[in-house]
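Let's walk through this model together, one part at a time. Please keep the sequence and the 3D view open as you read.

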Amino acid sequence: MATARDVQALDGLGQYRYGFVDPDVSVYKAPKGLSRAVVEHISGIKEEPEWMLEYRLRGLEHYLARPLPKWGGDLDQIDFDNITYYVRPAEAEGKTWEDVPDAIKATFDKLGIPEAERKFLAGVGAQYESEMVYHNIQEHLSQQGVIFLSIEAGLREHPDLFRKYFGTVIPISDNKFAALNSAVWSGGSFIYVPPGVKIDLPLQAYFRLNTPNIGQFERTIIIADEGSQVHYVEGCTAPIYTTDSFHSGVIEIIVHKHARVRYTTIQNWSANVYNLVTQRAMVYEGGTMEWVDANLGSKLTMKYPSCYLMEDGAHGEILSMAFAGPGQHQDTGGKVIHVAPNTSSKITSKSISRGGGRASYRGLLKVHKGAENARSNVVCDALLLDPQSRSDTYPYIEIDEDNVNIGHEATVSKVGEEQLFYLMSRGLSAEAATMMVVSGFIEPLVRELPMEYAVEMNRLIQLQMEGSIG
Amino acid sequence: MVQALEIRGLRAAVNGKEILTGIDLKVSTGEIHALMGPNGTGKSTLANVLMGHPSYQVTAGEILFKGKNLVELAPDERSRLGLFMAFQYPVSISGLSVANFLRSAINARRKQADPEDKGISVPEFRRVLKEKMDLLKMSHEFAGRYLNEGFSGGEKKRAEILQMATLEPEIAILDETDSGLDIDALRVVSEGVNALAGPDLGVLIITHYQRILNYIKPQFVHIMLDGRIVESGGPDLAEHLEERGYGYLREMQEEKAAEVS
């Protein structure tokens, strides 16, 4: 909650604290633009097996053949020929922070990553430009068989496990940007949690862009074996440039029988980054998938974390929060597909728009024939802080089974004169009063975050709110 | 030290329509005033204008308090100066707990008094809040509930008095605090106000009905009609009104007006 002290702290801060630029220390950069040669080169640098190069080339082919989607945000401004699709930041990936080049380590120090790792994380991966520069997990977890590696190391060290799952949740043909990622993917995590292993502390991956006009194509696979449990958190930031950068990740998650996975995103790209991400989980018998998706940054985000509830009793939850400030469009939401009986899901979306920003909720709820006794509840709330801002709701519901229980509600509210007057009549400034309404609005989501992230989230919202009052 | 809220020649309008047509009233600490009148006569408008509601425009007059003209101050500045209003219809704020809200409000005051203030400590705040909740016979779980969300009519009014008790204003305006309360709730709320009343607090009770005055005894009673105060007197004025109704008062005013012309 905002206190007078928080509000004072807010006065001293810039709007975006992570916009600093570091010198370009990259050891290799692909030429601008996308071509077969670039794809072959990426595969070659990574010394990949033949099947992966073929896979990439199929991705490229599909990407080039497929038109840009017209249904979401405005993608016409992206100059795809001006993007650098691969930037290698360092010669090798580090197992300790000492192995990471000083200039890059300094960046992650500034972002507080090594400190957070010492304090409250089970493992950390750090990606800079196109590659993971650091990946490490607590020893007791690796002794229990937990795999937490960069995606490249996963392919190298666990080729069979990798190939069994890679591309099975999100195929090349899923959408244009999944195809692009399939062609030029680089970086991301490979995670396997053995049966029955429960990881208490979160694993975190942090993504940083530094050079302008870069494309980052993270690829992550999380496999939670029977009865296991894991919480993965990703954060991301970038410098502020006048030209645009691009981030397009593909995240595939497999939740086996009675396993539980939570994937939390705190997306805080600078406002010149296009963020087009495909995230999907396959959930099997009695398993639970939870997406906690907070989108604060970027110019345009299109992201709809999905749960495919494949077997009896599978459960999916999507908690989505979007904050759209000046010049931002957050086109976010979630998808749940009920394939099997007795599956249940819940989508909660909270969006805040201010200063002319636009937040769109886009959701799909689908129940297949035979998914008897499926239950789902969808709640979308939007808060508008001023008349210039915009909120839209696009809920798609397709139900092919009669015996289901589905609820849907959507509200749009404005921070009202009456609410502000009421809070101000107790001595709170207009800024503090607005902040309280906003904090209260997102409280159901923030409550779900580990404490450290909840604090961070409130702070980020305060930064976003700066200058929102006359 | 006695503080006074002094209203002089106050006129105010909403959407260009004049509602207050010249109010003069002085409420000092240690005093309890009742302002009575029929519906639509401008009583709640007066409360909102005193607190600074942005929908109302003051067109003439002054509201003086501690050497300042409140007309020039924002609602939060008026509050931090020591003015309080218990709302007739308090709005709810989802996700904001009563405790968090009150702690922030207390800290805003402390910060005003001393910019270096670090805010009330959590144990100290808990102690104060529990004490005030006990005074108002409120269950402690109340502190964790979201502000006014799902509150019954009685709970809302009690929450208003809890805020007043916690913020310790010097002048409090109770806008129709008795409306919508059953007799038990009215008694609890009144007892709360009585417990807080004293030499350091001035109270202006705005009410349509006489019944709250069975529990809270004002020294001064004012009658409002058509945007101004037409009669002022002691407690007996309220009793007359109870017996004869506002109709009688209106007739009396008309007679007076006829005599003057």
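## Contacts and confidence

Two residues count as being in contact if their C-beta atoms, placed from the backbone, lie within 7 Å. In chain B, taking the contacts with a separation of 6 or more, 72% are between residues 24 or more positions apart. In chain A, 83% of the contacts between residues at least 6 apart in sequence join residues at least 24 apart.

Please bear in mind that this is a predicted model. The average pLDDT of chain A is 91, and 96% of the residues score at least 70. One stretch of chain A to treat with care is residues 1–14, where pLDDT stays under 50. For this stretch the model has 31 contacts beyond four places in sequence.

## Chain A as a whole

Chain A contains twelve helices and 24 strands. Its C-alpha atoms fill a box of roughly 70 × 60 × 45 Å along the principal axes. Does the radius of gyration of chain A agree or disagree with that of a compact globule? A compact globule with 470 residues would have a value near 23 Å, and the 22 Å of chain A agrees with this. Of the 470 residues in chain A, 56% are buried.

## The ten-stranded sheet of chain A

An open sheet in chain A is formed by ten strands, and the pairing is mixed. Which strands stand at the edges? They are β4 (131–137) and β24 (404–414) of chain A. Each has a single partner strand, so one side of each is left without a neighbour in the sheet. From one strand to the next, the twist averages 5 degrees.

Within this sheet, strand β15 (residues 288–295) of chain A pairs with strand β18 (residues 315–324) of chain A in the parallel sense, over eight bridges.

## Chain B as a whole

Chain B has seven helices and ten strands. With a radius of gyration of 19 Å, close to the 18 Å that the globule rule gives for 261 residues, chain B is as compact as a globular protein of that length. The box filled by the C-alpha atoms of chain B is roughly 65 × 40 × 35 Å, taken along the principal axes. Buried residues account for 43% of the 261 residues in chain B.

Helix α7 (residues 235–260) of chain B holds Gly245(B). Is Gly245(B) buried or exposed? It is exposed, with 11 other C-beta atoms within 10 Å, and the cut-off for an exposed residue is 12 or fewer. Between Gly245(B) and Met36(B) there are 209 residues in sequence, but in space they are 11 Å apart, C-alpha to C-alpha.

## Strands of chain B

Four strands of chain B form an open sheet with antiparallel pairing, in the order β2-β1-β4-β5. Its edge strands, β2 (17–28) and β5 (68–69) of chain B, each pair on one side only. Strand β1 (residues 4–14) of chain B pairs with β2(B) in the antiparallel sense over nine bridges. There, Ala4(B) stands opposite Ser28(B) in β2(B).

Another strand to visit is β7 (residues 171–175) of chain B, where five of the five residues are buried. Both faces of β7(B) are covered: Ile171(B), Ile173(B) and Asp175(B) are buried on one side, Ala172(B) and Leu174(B) on the other. Strand β6 (residues 83–86) of chain B runs parallel to β7(B), joined by four bridges, and Phe84(B) has Ala172(B) as its bridge partner in β7(B). Five bridges join β7(B) to strand β8 (residues 202–207) of chain B, also in parallel. Here, Ile173(B) stands opposite Leu204(B) in β8(B).

## Where the chains meet

How many residues does each chain bring to the contact? Chain B gives 28 residues and chain A gives 24 residues. On the side of chain B that touches chain A, the elements that give two or more residues are α2 (75–81), α3 (98–113) and α5 (153–167) of chain B. The largest share of that side, eight residues, comes from α3(B). By class, the side of chain B that touches chain A has 14 nonpolar, ten polar and four charged residues.

Notes
Residues numbered from 1 in each chain as written. Chains lettered and ligands numbered in written order. Predicted model: local features only at pLDDT ≥ 70, side-chain atom pairs only at ≥ 80, totals over all residues. Nonpolar A, V, L, I, M, F, W, Y, C, P; charged D, E, K, R; others polar. Pairing = 2+ DSSP bridges. Axes fitted to C-alpha atoms, helices over the stretch in contact; angles between N-to-C directions. Rg over C-alpha atoms; globule rule 2.2 N^0.38 Å. Buried ≥ 20, exposed ≤ 12 C-beta atoms within 10 Å, placed from the backbone. pLDDT = per-residue confidence, 0-100.
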